[in-house]
Amino acid sequence: MTDTQKEVFKTPVNKIRLFEHGAPGSQNLKLTRKYYTEDMPDGRVKHIVQNITDPDIVPYIPDGIGNSTDRQRIPAVLIIPGGAFRRLVYNFEGEDVAKWLNSMGIAAFVLECRLPSDEHDNAEDVPLIDAMRAMRVIRGRAQEFGIDEAKIGVMGFSAGGSYEHLEDYSYEGLARMYADYKYKDEYDKLSARPDFAVCSYPVISIDDCIEAGKRYMSEEQVLERISDSKAKILHKYNPDKLVRPDMPPVFICETDDDRTTLSENSVGFYMAARKAGVSAELHIFRTGGHGYGCGDDFAQTGEWKVLFTKWIKSIGIIS
């Protein structure tokens, strides 16, 4: 723990455990979940979650919405925060986004998923398995939360953007490790395919021109310099090479001056979607850097929310 870190942060208590009998591949891993804050140079404070072995989702439901047949069902979004494949930035890329979606009448669920940097069995698979399970649990409990089960999307930030191209429509055999899990239930019979997807400054490709600061390296050189966990997940699940025609519509946003995840990630994914015939929309802002979350309403990054709202209307999720 550094001078800028303090163990004072806690996520809400109304979370939904994804695996009641322990998550597959993590039953024997002994880690204590860690919550702490991290001061940033600009005065903001990050809320960080690490060491997750028992994943869950935290529901954020707009006021007045609940289990009632006389109310119109609302859309929902599974939010996957980023954090360099080793932690989750819960507030900027989770809770803040969830509360903004609530203001639009959209339910949100923030995923606290396992991370490939920890020593889970087949660690590169676990965040994707958690995201799949979360989609199924949300769909299975749609009536309870007043959700339209045909309007459930996924939204990933940074590393979270590499987990979200999940489910049956993109990764055949992804649940190889989950196949032997003996505690399957009614949720596992439901579709994990999202009805729409949003990528914010995603980590997508391992190609030599993509990793920031490694623009002219070969793939082998990139693999040598990035973390083993990140290399494995990007090598195995490279979304810009796995795009298929049955993917849902996708909205992508990025900044030109992002030096953590270069905009080529987003461009490559957009072009792959076009080639596959998937409906896609891409926005690259001149400034804003990396990790802006909801963005600055007085700067370019705040515009993504306006553009997203127009896009989600255009595909019929909200009116």
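Reader: Why does Ala192 count as buried?

Author: In this predicted model, Ala192 has a relative accessibility of 0%. Buried means under 20% relative accessible area, so Ala192 counts as buried. Ala192 is found in the loop between helix 4 (160–163) and strand 10 (197–200). Between Ala192 and Ala134 there are 8.1 Å in space, C-alpha to C-alpha, and 58 residues in sequence.

Reader: What makes the pair of Phe251 and Phe308 edge-to-face?

Author: A search of the whole structure finds 13 aromatic pairs. For Phe251 and Phe308, the ring centres are 6.0 Å apart and the planes lie at 80°. Rings pair if their centres lie within 6.5 Å, and planes over 60 degrees apart count as edge-to-face; the pair is therefore edge-to-face.

Reader: Which parts of the chain does this pair link?

Author: The pair links distant parts of the chain. Phe251 belongs to strand 11 (residues 250–255) and Phe308 to helix 9 (residues 303–314), 57 residues apart.

Reader: Why is Phe251 called buried, and why is Phe308?

Author: The relative accessible area of Phe251 is 0%, and that of Phe308 is 0%. The cut-off for buried is under 20%, so Phe251 is buried and Phe308 is buried.

Reader: Which residues do ring pairs link into a cluster?

Author: The cluster consists of Trp100, Phe157, Phe196, Tyr201, Phe251, Tyr292, Trp304, Phe308 and Trp311.

Reader: Where does the charged end of Arg44 sit?

Author: The charged end of Arg44 sits over the ring of Phe92, at 4.6 Å from the ring centre. The distance cut-off for such a contact is within 6 Å.

Notes: Residues are numbered from 1 along each chain as its sequence is written. This is a predicted model: local features need pLDDT of at least 70, side-chain atom pairs count only at pLDDT 80 or more; totals for chains, interfaces and linings use all residues. Side-chain values use heavy atoms; hydrogens and water are left out. Helices (H or I, at least four residues) and strands (E, at least two) are DSSP runs, numbered from the N terminus. Buried means under 20% relative accessible area, exposed over 50%, partly exposed in between (1.4 Å probe, protein chains only). Rings of Phe, Tyr and Trp (its six-membered ring) pair if their centres lie within 6.5 Å; planes under 30 degrees apart count as stacked, over 60 as edge-to-face and the rest as tilted. A charge sits over a ring if NZ of Lys or CZ of Arg is within 6 Å of the ring centre and within 35 degrees of the ring normal.
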